[in-house]
Structure formats: structure tokens, C-alpha cells
Amino acid sequence: MILFIDTHDELITVALKNNDELFIKTKESEYSHSIYTMPLIESLFKENNLDVKDLKKIIVVNGPGSFTGIRIGLSIAKTMAYALNIDINTISSLTAYLISNDNGKKRKAVIEDNKGYYISVMDESNNIIVPEYYSEEDNENYDLVDKKLDVEKIIEYCKNMKSENSHHVNANYVKKIEVEHDK
Amino acid sequence: MKDVYILAVESSCDETSVSIIKNGYEDIATIINSQIDVHTKYGGVVPEVASRLHLENITMVINECLEKANMKLEDMDAFACTYAPGLLGSLLVGVEATKALAFIYNKPFIATNHMMGHIYANMIGNKLEYPLISLIVSGGHTDLILMKSEDSFEYLGSTLDDAIGEAYDKVARILDLPYPGGPNVEKYALEGNPTYKMPQIMNDESFNFSFSGIKSHCNNLVHNEHQRGNEINKNDLACSFQNCVTSHLVDKTKKALLKYNIKTFLLSGGVAANSFIRNALKNMCDEIGVEMHMPEKRYCTDNAAMIGAAAYVLYKHKKFADLSVNAQSHITLND
């Protein structure tokens, strides 16, 4: 059984894959990820009569995106992986969009914030050819993928990834904060 | 009755702390991971930096606490955390991690008020008699509270402007003392004499406090001396300031104890680690026959043991929280 958690933007997505069944829950939330995320996860298990102790792996989106949003998903994910002593993988929000939209073409994923763009590019065979970066302008000339997640494809993409140490699981902020620039 | 073990998490500011507390008063294990070295670089707590460090450290601190206690998560009867007041991004890390534990082990989740934690720091290894009056002195609070029972909080007075800890930090800045300012002002005061004239602070009938006037007074004093080309004696100014704010605390507290005829007094909060303030309040209590409790210094500054002690009171009253609880930056004890 695999749990997927994404809290990097206004659409919270949590999903549970048990054998061939996939249960997904989403919730629009601007500043209330703390109110919704854990109850959504709880209801995934309860409504489908599944036991959290049977969980084998967690996949969590670790950014870039809302700093507070990703910390909520990551706090839950790394604590669960630690407590249950199970595998955990992080995936970038941009990679998650790119892999969800694998149209056989070179393509870019872009996440905008108030000052610029987080950008990454993937090729026809799903290799990342432009690793994620932050820029005030988006000058990549590739097809732009939708910000839509395909959890099945993400789980498949992470299938052979080595588990990370839950203690070391961290956010992928990409962007520096102001005090770091001043240093 | 069966022993109750609570695992408590505190992450409201710049310490990631986890404790295991037995029956609300026995500290089985407490780990405090302080970020003070990092924030010293910036001259104060940077909220985004604090949040990032909490996320990096949270499971390691939980693990270290369990190892120290030689216990497992399965042994816990409840999971508690600070949910307010504090820095939102920081609080959220502890809140979400604790929810995850409560969910996995199907045990009560207890959302605890940080200020309640400061008060109940006095319960660790100690028994309290009610009614009592509690004075909370910290970087964000200066409150006099009447407690008729262990879960009733009646505000008698609060600061009208700066909290006392804030005043200490600002005076530290005026005197060019490094972060953390408060403890450094205390250190300097120890070597000085109260030679500078300080204003009389709000000597009225209320139980409210005010610390912004004295801060401005210190600022003007330093400024004027500089303009005259005179050196400020930092030790003497720190001492004069400390004497003045301490007698303000002592006067108001004494008035409240006498008016309500209360025989038990609790001191708590980060500034309760200040020895000069502890001693002055203790002398006043001895003089009027009041029993005074104050936490050991390590339980005055932010720690999860006090959150576990407060959570035990909520546990006894079955005040459990839902997994939808959100962190909050500002609340009172009665919210």
C-alpha cells in the first residue's frame, strides 16, 4: 500500500494505492492546508477500511511551491515514514507535473509565484534535461504541461527509487530567502 | 489508576523540543534542539529559517527523546503539541507531526496552548494548591492570571504595550549587547549599580503593566549622553533598568495577591529564568506569607516538558482535539 501526498499549492491531493485500487482525495485550500490534509489522509484509510499499519511506502511532493504548504505535507510524511519505519520518496512538484503529462514530446513545467517562475524541462523519454531553477522570466521554448497530477504515473515513476532516510527528508525550496541573500 | 504517558512536541519559536511526561508531573525524557546559534547570526529569530530547521529536525528529536526514555511510540497514551500562540510556520511542523502520530497509533491528539504550558511547567515534580495567582513573563507576554482551579484562567491584568522580555531585548539592542538580549542585560546588571534615574512606571490601581515608557527612557538617556560626548556605563544602566521593571512586577503582583487574598503564587515564562526577578518576587512572597512556586530554569524557557504537563490536565478533562486543528499565532488562555 502506497500513500501519496501533495500540498505544494492550493490544490491538496492525497491518494492511497492498494493493490490495483487507487483512491484519491483533493481539496481546494488557500491558507488552510493544516485543517484539511491530515483529515483527508485519515478518511482515505477509514472510508476504504484500510489499516495504516499496512502502508509500505510514502511518496511526497517536496516543492517547489508554497513554503508553508510543502512543510505541512512533509511534516506528516516524514513522521509517518519514521514511525512506521517504511520507505519514503520525495518528488519535485515540477517533475510530478512533467511525468503526469508524458506526451512523448519535449515539454516544460512552470510554477509561477509573485516574483517569477520555477521551471523544469523533460525530454521524450522522461529524462530531465533542464533541472529545476527559479527565474524572473520564463524563456524556455517548449510545450507547457498542465498542472494536473496523474498519481498512477507518479507512483510508477518512483517505483525503483531507493528509499530516502526519513530523518533527512527535506523541502525543495529552490528559491533562497532574503536573509540568505544578504549573507 | 494506570500511569499515563504523553509524548509532547513544542515548536512555537526557535526550539524543537520533545518530551515524554508521566502522569503530568514526571519528566521521563526531554530533548531540546535549540536554533539559537543560527538566529544569533541574524540578530534575532527569522521565522522562515526557524520553520525550515524545525522540519529538518523534528523526527530526529522525537527519536532521540524515545531513545533517552527507552520507550516506543506504542507506549504513549496520547500525543500533544503546542498549537498556539507562536510563529505559524514553526508551530505547523510540530502540529502536523503530532497529528500523524496520533493517527497512526489511534490515540488522543491534544492541542496545547503554549502559555498554559508555561504555567504548568510549575507542575513538573511539584504539587499545586488552588486558588493561585500566576504571573507569566516572557518575550510575548506579561500577564497576571487568577486560577481558581487547574483549568480556569481569569486575566487580572496584562501589559498594555511591550512584554517584559521584549523590553529586555530592546534595551539590549540600545546597549549594543548581542542576541539573545534579555539574558545579557541580566548579566550586565549583575556587575552594575542602579545609578541612573528611572521613571516611576504606572503606579495605578489596575493590575496592568507597561514597559514601553522605560524602554524609550533608556533610549533617550543613551542618546543624550552620546550627544554630550559621555560614555554610558552599560552595567549601571542595565542594573537601573532591571531594578525598575522588577519593582513594577513586584508591586503589581503583591497588590493582586493581597486584594484576592491568595496564598499561592506561580512564576512562569522565559523571563522567569532571570534570577534577579525570581529573588525579588520570592522576597515579596516571603514577606506577605505567600508560597511561591517557580519552575527550574530549564523549564522556564521553551521546552516540551511543560507542554506535556499542560496536556495531562487536558487529558484528564478529556479535552481532545480533532486532526483538523490549525496552528494560531495569537490566542488567550480562554480561547
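**The sheet of chain B**

Modeller: Strand E2 of chain B, residues 15-22, pairs with E3(B) through eight bridges, and the sense is antiparallel. Within that pairing, Ser17(B) has Ile32(B) of E3(B) as its bridge partner. This is a predicted model, with an ipTM of 0.97 and a pTM of 0.95. For chain B the mean pLDDT is 96, and 100% of its residues reach 70 or more.

The pair belongs to an open sheet of five strands in chain B, ordered E3-E2-E1-E4-E5, with mixed pairing. Its edges are strand E3 (26-34) and strand E5 (109-113) of chain B, each of which pairs on one side only. On average, neighbouring strands of the sheet are turned by 20° against each other, direction ignored.

Two helices of chain B can be described against these strands. Helix H10, residues 304-316 of chain B, lies across E1, E2, E3, E4 and E5 of that chain, and runs at about 130° to E1(B). Helix H3, residues 88-105 of chain B, lies across strand E1 (5-10), strand E4 (78-84) and E5 of chain B. The angle of H3(B) to E4(B) is about 160°.

H3(B) also takes part in the contact with the other chain. That contact takes 27 residues from chain B and 26 residues from chain A. On the side of chain B that touches chain A, helix H2 (47-69) and H3 of chain B each supply at least two residues. The largest share of that side comes from H3(B), with eleven residues. By residue type, the side of chain B that touches chain A divides into 17 nonpolar, six polar and four charged residues.

Phe209(B) is in the loop between helix H6 (181-190) and helix H7 (212-227) of chain B. Phe209(B) counts as buried because 27 other C-beta atoms lie within 10 Å, where the cut-off is 20 or more. Leaving out residues up to four places away in sequence, Phe209(B) touches Thr142(B), Gly157(B), Thr159(B), Leu160(B), His248(B) and Lys252(B). Of these contacts, His248(B) is 39 residues from Phe209(B) in sequence, and the two are 7.6 Å apart in space, C-alpha to C-alpha.

Key: Residues numbered from 1 in each chain as written. Chains lettered and ligands numbered in written order. Predicted model: local features only at pLDDT ≥ 70, side-chain atom pairs only at ≥ 80, totals over all residues. Pairing = 2+ DSSP bridges. Helix = DSSP H or I, 4+ residues; strand = E, 2+ residues; numbered from the N terminus. Axes fitted to C-alpha atoms, helices over the stretch in contact; angles between N-to-C directions. Contact = placed C-beta atoms within 7 Å. Nonpolar A, V, L, I, M, F, W, Y, C, P; charged D, E, K, R; others polar. Buried ≥ 20, exposed ≤ 12 C-beta atoms within 10 Å, placed from the backbone. pLDDT = per-residue confidence, 0-100.
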